[in-house]
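Subject: Handing over the structure

Hi,

Here is the structure I promised to pass on to you.

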Amino acid sequence: MTAMTTAAAESPGSPALNMIVFGAFVAITLYVVYRMSHRNTSTSDYYAAGGTFTGSQNGIAITGDYLSAASFLGIAGAIAVHGYDGFLYSIGFLVAWLVALLLVAELVRNTGRFTMGDVLAYRMRQRPVRAAAATSTLVISFFYMLAQMAGAGGLVALLLNVHGKGGQALVITIVGLIMIFYVLVGGMKGTTWVQIIKASILVLCVVLMTVFLLGKFGFSLSALLDEAAANNAKGQAVLEPGAQYGQTAISQLDFISLSLALILGAAGLPHVLMRFYTVPNAVQARRSVVWAVSAMAVFYLATLVIGYGASALVGSDTILASTGRENSAAPLLAFEIGGTLLLGIVSAVAFATILAVVAGLTITASASFAHDVYANIFRGGRAEPASEVRVARLTAVVIGVLAMVGGILANGQNVAFLVALAFAFAASANLSTLLYSLFWKRFNTRGTLWGMYGGLGSCLLLVFFSPVVSGTPTSIFPGVDFHLYPLTNPGIVSIPISFLAGFLGTVLSKQKADPTKQAEMEVRSLTGIGS
């Protein structure tokens, strides 16, 4: 078994077949995007698809946007290598939607038009708040894109047996170029249909893999888990808490920090919040979240079986020795149970996941810059729709290029871990200000700016001086050591800083909140009148 999987790790399946399956998906989605492109006649069409999607359609699209390379590649790898502790990602990503459903989805849909900045600036001074919202959106989107691009590099390196950094960099560049095309041509409507197609295939794929795996072990989960422990370097420890986060006090704090970031981050993710504007009303926004949570629950339960299945049939040593390391667990498992054809299908699904999520992130970031910065700051809210869309497209190209460069630097990191950093940024910069804006009458412009910049700045500073960037063999710069902060996730510090900064900024400011605007926002957010 070990010899066979080692060979698989070196050059699994047929690279030609893998690329044919992937090419077929790209061709189909490019056609869909092209067909939708002629309908992008206004800013509403380009940013929010004209609000024409139903709750069920948007829920599946949210699933596609949310189930990134972290969900499919990173979580399966984390469970395969670290066992129970790796499943924390699945739990955190899923439970996070309760916060979004109960506190954010309906209110954000009623209050804004296209971006998170619309909500935050509703009763504040427009220029500084929109600038802060755009800055936050761009930073969060960039970190989220790092994970997708790193996943793309590792996956193609595995499929095509590309070991050199130059070849992997070329692959990341190609993925980035296709993603830019999706956004430039299709706008929100085109990328939404790509998300729907991708989410449907992804959930179906993991369900079929789960059923097949359980069948291989006589539908006995205990038998699968015993085999997983037998083929894992950590032995029985992978079936219990603590294999990754329970060894020291620092690792336990890291566990709490990661949990906070995962659970509180989803409600502050700009590309998720923007999805609520693609439906016609608040009822459909709520329905979107219900559909999304249902689909995700199925998916994340399946990742438990797939992760332990990879440990059982492939082995943790083989996974870590492969080109993509932890991110290669799901593709190697697909090759083990279904041969070349299943590997090609799973690889195509993983590629589709990366492309679709990065396209969604890019359109969110470009929309935030064009709508919040260009249209409302530079042009004072009087920008022509055509020029605003043109600026959004130019911004998409710039963001795409930056994502390619960042993905090349981050190549080799576990993608679930990288996405957890993006969640920490979202929870630190956005969640406190969103909740204060929606529920605290006294909240004002200074509180908004202190909360956003305080959370974002502290998060950036802690990540820069953490083991993520330097000081360990798995750091982005492993050859140097300037880390001062011991945890790999900053959430346990930066999230409270954001809430505290927003509170202090408000109570120490002499500026009073606008009671008229506050009352108007409250009525609008709760009833949808005027949305």
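In the lining counts below, Ala, Val, Leu, Ile, Met, Phe, Trp, Tyr, Cys and Pro count as nonpolar, Asp, Glu, Lys and Arg as charged, and the others, Gly among them, as polar. This is a predicted model, in which local features need pLDDT of at least 70 and side-chain atom pairs count only at pLDDT 80 or more, while totals for chains, interfaces and linings use all residues. Residues are numbered from 1 along each chain as its sequence is written, and side-chain values use heavy atoms, with hydrogens and water left out.

The spaces were found on a 1 Å grid over the protein atoms alone: a cavity is a set of points where a 1.4 Å probe fits but cannot get out, a pocket is an open set with protein on both sides within 12 Å along at least five of seven lines, and lining residues have an atom within 4 Å of a point. Grid points are joined across faces, edges and corners, and a volume is the space filled by probe spheres set on the points. Helices (H or I, at least four residues) are DSSP runs, numbered from the N terminus.

Cavities

There are three cavities of 30 Å³ or more. The largest cavity has a volume of about 50 Å³, and its lining consists of T115, M116, G117, T137, P270, M274, T364, S368 and D372. Helices α7 (116-120) and α15 (329-378) each give two or more residues to that lining, with α15 giving the most, three residues. By type, the lining has three nonpolar, five polar and one charged.

The second largest cavity holds about 40 Å³ of space. R123, S437, L438, Q518, M521, E522 and S525 line it, and α20 (515-527) supplies the largest share, four residues.

Of its 15 lining residues, F142, F143, L146, V469 and I476 lie nearest its centre. Two or more lining residues come from each of α8 (126-159), α16 (385-410), α17 (415-439) and α18 (445-464). The lining has 14 nonpolar residues, one polar and no charged.

A loop residue

Most residues other than glycine have a negative phi. F219 has a positive phi of about 55° although it is not a glycine. F219 sits in the loop between α9 (165-216) and α10 (221-230), and is exposed (over 50% relative accessible area, 1.4 Å probe, protein chains only), at 59%.

Best wishes

How values were computed:
Buried < 20%, exposed > 50% of the residue type's maximum accessible area, 1.4 Å probe, protein only.
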